[in-house]
Amino acid sequence: MKEIDIESWKRKEHFHFFYRMDYPQYNICMDIDISHFLAYTKQQQLPFYYAMIYAVTDVLNKTEEFRYRIRDGKVVLHNQVHPSFTDMDSDSSDELFKIVTVNHEGNIHAFTHAAREASRYQKSYFDLSKVAGRDDLIYITCIPWISFTHLSHTITLNRNDSVPRISWRKYYQQDDKILLPFSVQVHHALADGIHVGKYVNELQKYLNCLILK
């Protein structure tokens, strides 16, 4: 991790312009094609949700703008960020979710196993001991019961809150493709639409390129 010298940073003007806003977050929603990736997860017997968490985090770590964080008006750049995601036990009778945090380590197989085990053994809904004081995270959630075109997140009106939020919904088939409604929310002082576009395009390439046996 390193601290950014804002005065010599190329985003200096954009940072100061958007940092003064009461609500500097913005959200972009789109469909991504998961036809190939879904086939890959089935072939490899990987749980789709955890595999998707790995994919979005892996690509995000290659996108510098998504690793910036704001701390009391200062900007830091993390070397790596990790997923903190919502999950619900399959046999949950209370219909309440929990938040699980897992380090982004290993390949997709190792990660999905670690994520499944972490979720399985976590009994508390909100285990804050794993996230207290951390901003090297990405918040991920999924609403697999419905498919829609927009999502708003609950958020504290704190202009220092700069953790990206990634979410997706129930996928659906259109012609010969399987599409996943996908949402990206970021802090505008740190990232613009062009950076969201680059991230989504790189994610689509990643989902298309995994090798089927």
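Student: Which residue of strand 4 is the bridge partner of arginine 71?

Tutor: The partner is lysine 74. This is a predicted model, in which local features need pLDDT of at least 70 and side-chain atom pairs count only at pLDDT 80 or more, while totals for chains, interfaces and linings use all residues. Residues are numbered from 1 along each chain as its sequence is written, and side-chain values use heavy atoms, with hydrogens and water left out.

Student: Why is the contact of aspartate 89 with lysine 98 called a salt bridge?

Tutor: The term requires a side-chain nitrogen of Lys or Arg within 4 Å of a carboxyl oxygen of Asp or Glu. The closest N and O atoms of this pair are 3.0 Å apart, so the contact qualifies. The whole structure holds ten salt bridges.

Student: How do you know whether lysine 98 is buried or exposed?

Tutor: Buried means under 20% relative accessible area, exposed over 50%, and partly exposed in between, with a 1.4 Å probe and protein chains only. Lysine 98 has 4% and is therefore buried. Aspartate 89, at 33%, is partly exposed.

Student: What about arginine 159 and aspartate 22, which also meet in a salt bridge?

Tutor: Their N to O distance is 3.8 Å. The pair links distant parts of the chain, 137 residues apart. Aspartate 22 has a relative accessible area of 62% and is therefore exposed, whereas arginine 159, at 30%, is partly exposed.

Student: How is the lining of the largest pocket divided into nonpolar, polar and charged residues?

Tutor: Ala, Val, Leu, Ile, Met, Phe, Trp, Tyr, Cys and Pro count as nonpolar, Asp, Glu, Lys and Arg as charged, and the others, Gly among them, as polar. The lining comprises 22 nonpolar, 15 polar and twelve charged residues. Strand 7 supplies the largest share, six residues.

Methods. Helix = DSSP H or I, 4+ residues; strand = E, 2+ residues; numbered from the N terminus. Pairing = 2+ DSSP bridges.
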